[in-house]
Every structure is written in structure tokens, then in C-alpha cells.
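Welcome, and please take a moment with the sequence and the model. This report walks through a few local features, one group at a time.

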There are 2 protein chains.
Amino acid sequence: MTDTTWQYENFERTGSAIGYRIVRKLDEVQSPFQKIEIFETTDWGNLMLIDGAVMLTSRDNFLYHEMMSHPALFTHPDPKHVVIIGGGDCGTLREVLKHEGVERAVQCDIDEQVTRMAEKWFPELCERNTDPRAQLLFDDGVAYMRNCAPGSVDIVIVDSTDPVGPAEGLFNRAFYESCFRALKDDGILVQQSESPLALLDLIREMRDEMAKAGFSALRTLPFPQPCYPTGWWSCTMARKRDAFDFREDAARGKRFPTLYYSAEVHRGALALPPFVAEALRA
Amino acid sequence: MTDTTWQYENFERTGSAIGYRIVRKLDEVQSPFQKIEIFETTDWGNLMLIDGAVMLTSRDNFLYHEMMSHPALFTHPDPKHVVIIGGGDCGTLREVLKHEGVERAVQCDIDEQVTRMAEKWFPELCERNTDPRAQLLFDDGVAYMRNCAPGSVDIVIVDSTDPVGPAEGLFNRAFYESCFRALKDDGILVQQSESPLALLDLIREMRDEMAKAGFSALRTLPFPQPCYPTGWWSCTMARKRDAFDFREDAARGKRFPTLYYSAEVHRGALALPPFVAEALRA
């Protein structure tokens, strides 16, 4: 395999790195917020970096997108109105719109260029963008949630980059309070919550902030995600009410295909490994 | 953090890489079989490389060692005699000997230097080496299994490097036939089986060879393992009889601590994600 190079991302916080064998750079844009680059890899399809950090690859993004959406949508009793904060690659939106009961899905990403690059290089993730139920906004997610009508939203999905740079404001009590207010009483907030092995401190901080904002029930679900630090990632769901009813029959009978998600995988993800459970109790 | 460097392992077969932030090299030995190196990392404790391939780190080896042992031992009705082929770091042996019912555990690694390095740099993994039920052999695992008395072993655990170099002979029908013969009728073979995302072909080949050797029931269990390609790994269990009874009550009531393994995690690992299940059916 000639003319390939290896490109690495060093994660300072975990002391580990992940890399890919690259064929060439396909595209690059400097938006007002960040630098977005697209590479062609030998084995992982296209690769998107934002400010040097791996966002997704064609091959493994299904893990993340399915786990950011279906567990929450099969926990909420009847999700109709979903808001996605971030999620500019549109992969989470695509999964959300597989649920026929969803009447409206708003995606609010601050950076329009992420979506433009996704349309160009990850068109399969954007195939639901023209669904009449979808609304794509390019705006500040913090302000969007602050201005949401109280009690108007069923599910908020925070599909953002890490808590540095543009996404920093999406990981604190003030933002979670906006989400709490915008959600109906049976609403659910779900957020990507970093590595359950190497970044447990960060998960704990997030959960603490969510609890301070009034959320009374929290669940962190681990899942594999090769392109993120340690290859093991998680999402955290927060409910206003202290009940986590998984609609397992609905998940089992779902009428759309998924690659990673299933009722059994969902059930499995709810069973935290002992060391994670202990760390989150502490 | 001055004076640290980043060291990467490029996985040609997956087109991806994993790296660590290194403080210094601690040790190195060239055995008759392979080159073993030990590094101090900033965040992962000590790191062992064999011929440049990451074998384990202090911090995350518990995932692998627990999943290579407890699922098989809590599936077999009454495991008394366990053979570990490879496993020279002694971490699997340690987990096996946590089971009080085990009367004899033989570890047969071809390379004594792996164990010597583990004793020096991963002493916590070797804490059961002096258990009177343990027997450490440094010999050819293929020959060991070929010469085993027929119907004498309850569980064979193949805890080897990848199917290149010294371990190549541990991934084919002839070896599996030796294991089949050595096992009692209710015996179980379990082997590390690579990445369920990037190396599904290899898992399929292994399973085919196991089936040709006479094993009639197979189960592949995925688990996170950050230090191996893609950070997502698996073990595959094979039984002579077509029944896979998980002793869930025993697992739930186990009297030793584990960090990753639990009855619920075991149950979760048995639920293969749809894309893996489909690939293994094909």
C-alpha cells in the first residue's frame, strides 16, 4: 500500500492516542468556530477532524449515533418532539427520524460548515435532512435551550464535541437547567459522556451538574466507539422523574434496522460493570 | 509533562493505530521466541510489548483477563481442571484461581521470559503463581494439548498473541482437534478472538475451524479492551455439547471481587449486536 501515511491524535487527558492510515486529505474548511478537515482512510472510509480531534469515520459512527438516540427514544413513553444540540453531521438526526412517532426533530448546531461537510463527505448520514419533520438550525445551542418554551420538549440530545472550545457551555448546571425547564415532566436529556474507563471524573462531574439542575434519575450507558479515546465511550441519560422505564417490547418490535442497537444490547448497556458503578456511586 | 514521548502501534490489518504517552523504557529482553519490552507510561502504568505489539497495560488488562476466564468458568457446570495455553503474564491464571472449585490450573506458555517479565513489572498479576493448585509450564502449547490425556480437562483457555509468529499454530483445526480430544464431554474451549468490528473475518475463520474440529456450539462475547486494535475485543467459547448453560446464579453469588465481570455484564455480552450476529451467521 504505497503513498499512505499514518495520522495520530494524541489525547493529553488520557495519555493515549488513536491513529488511522490515511490515503489523502479530501477537504478542509476554516469556519468561524473551528477547522474542519476530511481525510480518506484505507479502512475506515472518510474521517472528519475538528481542530485536530477525530469526530467520526464512515465505518464506525453507527455505534455512537445509534446509542445517542435509540436508548432515550425507547425509554421515553412517547417521544414526539426531539431537540438535538450539536449533531451537525446529521447522523443522530437520521436515527431519531427512524422513529415514526417523532413529529418534530430540531437540530441546532452552531457551525453550519459541519453540516455542509457532512452533506458532501458523509451523505448517508444526511439522508433524512429533507424529512419534513426535520428542522436544521445553525445557532448557539445554549441560547436555543434557554429560549425554548418551558415544558415543550420530550427529548434533548446533546451531541457535541468535548467540553473545550465551542461546546464548553454544554457541560454545566446553567445549560442543564435550561434543558430541565424546556423538557416536559416525563422528558429525557441525553448527552455523550466520554470514556467510562479513562474519563470517569468527567462523567461524575457531568452527572453532578445534571443533578444540581434538578434531574433526579441518571443512567450512564457504555458502548464501543473505536474512534474516540480508549475506544470505549458512553452516553448519560437524565430524567426529571425518578423512573427509568425501558420500553423493551417496543425496542424488540422496532420496524427499522440498526447495526449495533437492539433491545438486548440496550439491556446489556444498563448493566454497568462493577468498577464503573462504584465510581459513579462515589 | 516534560521528557515524555508518544509511541504508536500501527495495525496493518485494521488500518488503525493505538498509542501511549511514554515516560521511559524500563526493560527489554530478546527471548528465543520474541522481543519483550516494558515501558512506563504516564497514565496506563506499565506497558508490555512483544515484537512491537501491545500485550497489556497495568490499567486495562483486567478487562481481558476477567472476560477470558469468568464467562467460561461460570458456563461450565463444575470446572475443576483448567488448562491455559499462552497466558504467560499470569493474569488469566490469577482469575481462574479465584474460583474455589478449581483443583488444578496448568499454564503452558512457550516463552518463560514473558512470565519473568510479568513477575518483575506486573507482580499483581502473578500473585496466585504460588497457589498449590497452579502449575506453570514453559513449553509448546500445541504439543501440550496433543499429548493431554483424552477427556481429562474441563476448560482450555487459549490466551495467546495474534495468529502470526509463535501463536500461529493455535488458530487451526488440528489444534482445536487436540483440544476437543483433551476436553471432557461437557468441556469448554475459550480463545481470544480479535476485534468484532474490524476483524470479523478472522473470528469467522476461527469459528469455522472450531466447528470442523467437532465443537457444536459457539458463542462470541465482545468486551472493551482499549489496548487492542479498535479498543473492542472478544473471546469465543466452544462446547462439545450443544448447550450453553450460563450458571447465572453462581455468577451473581460469586465470593470474589471483579472489576468488569458481573452476571449482568456476562448476560449483556451474550447479546451480540445485530451486525456482529449477522456476520457470524453468514
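The axes used for helix packing are lines fitted to C-alpha atoms, for helices over the stretch in contact, and the angles run from 0 to 180 degrees between N-to-C directions. Please keep in mind that this is a predicted model.

## Helix 6 of chain B and its two partners

Let us start with helix 5 (residues 173–182) of chain B, which packs with helix 6 of chain B at an angle of about 50°, the axes being 8 Å apart. Angles between the ranges for roughly parallel, perpendicular and antiparallel count as oblique, and helix 5 and helix 6 of chain B are therefore oblique to each other. The crossing of helix 5 of chain B past helix 6 of chain B is right-handed. On the helix 5 side the contact is made by R173(B), Y176(B) and E177(B), while helix 6 of chain B brings M206(B), E209(B), M210(B) and K212(B). Sorted by class, this contact of helix 5 with helix 6 of chain B has four charged, three nonpolar and no polar residues.

Helix 6 (residues 200–212) of chain B also meets helix 9 (residues 274–281) of chain B: the two axes come within 9 Å and cross at roughly 45°. Helix 6 and helix 9 of chain B are therefore oblique to each other, and helix 6 of chain B passes helix 9 of chain B in a right-handed crossing. Here the contact residues of helix 6 of chain B are L200(B), I203(B), R204(B) and R207(B), and those of helix 9 of chain B are F275(B), V276(B), A279(B) and L280(B). This contact between helix 6 and helix 9 of chain B divides into six nonpolar, two charged and no polar residues.

## Salt bridges

How many salt bridges does the structure hold over all chains? The total is 47. One of them, in chain A, joins E119(A) to R116(A), with the closest N and O atoms 2.8 Å apart. Both E119(A) and R116(A) belong to helix 3 (residues 112–121) of chain A, where they are three residues apart, about one turn of the helix. E119(A) counts as partly exposed at 35% relative accessibility, and R116(A) counts as partly exposed at 31%. Chain A also has a network of salt bridges that links K25(A), E28(A), K35(A) and E37(A).

In chain B, the side chains of K35(B) and E28(B) form a salt bridge, at 3.8 Å from N to O. K35(B) is partly exposed, with 29% relative accessibility, and E28(B) is partly exposed too, with a relative accessible area of 41%. Are the partners E95(B) and K98(B) buried or exposed? Their side chains meet in a salt bridge of 3.0 Å, N to O, and both residues are buried.

## A buried strand residue and a buried helix face

V190(B) sits in strand 10 (residues 183–192) of chain B. With a relative accessible area of 1%, V190(B) is buried. V190(B) and M237(B) are 47 residues apart along the chain, and their C-alpha atoms are separated by 4.3 Å. Leaving aside residues up to four places away in sequence, V190(B) touches M68(B), A72(B), I155(B), V156(B), I157(B), V158(B), C235(B), T236(B) and M237(B).

Helix 8 (residues 263–270) of chain B has A263(B), V265(B), H266(B), G268(B) and A269(B) as its buried residues. What do the buried residues of helix 8 of chain B pack against? Their partners are helix 8 (263–270) of chain A, along with helix 1 (61–73), strand 11 (217–224) and helix 7 (248–252) of chain B.

## Positive phi in two loops

Two backbone angles may interest you as you look through the loops. T230(A) is not a glycine, yet its phi is positive, at about 75°. T230(A) lies in the loop between strand 11 (217–224) and strand 12 (232–239) of chain A. At 5% relative accessibility, T230(A) counts as buried.

In chain B, E194(B) has a positive phi of about 70°, although E194(B) is not a glycine. The loop that holds E194(B) runs between strand 10 and helix 6 of chain B. E194(B) is buried, with a relative accessible area of 2%.

Conventions
Residues numbered from 1 in each chain as written. Chains lettered and ligands numbered in written order. Predicted model: local features only at pLDDT ≥ 70, side-chain atom pairs only at ≥ 80, totals over all residues. Heavy atoms only, no water. Helix = DSSP H or I, 4+ residues; strand = E, 2+ residues; numbered from the N terminus. Parallel < 35°, antiparallel > 145°, perpendicular 65-115°, else oblique. Left-handed = near helix turned anticlockwise from the far one by under 90°. Contact = heavy atoms within 4.5 Å. Nonpolar A, V, L, I, M, F, W, Y, C, P; charged D, E, K, R; others polar. Salt bridge = Lys/Arg side-chain N within 4 Å of Asp/Glu carboxyl O. Buried < 20%, exposed > 50% of the residue type's maximum accessible area, 1.4 Å probe, protein only.
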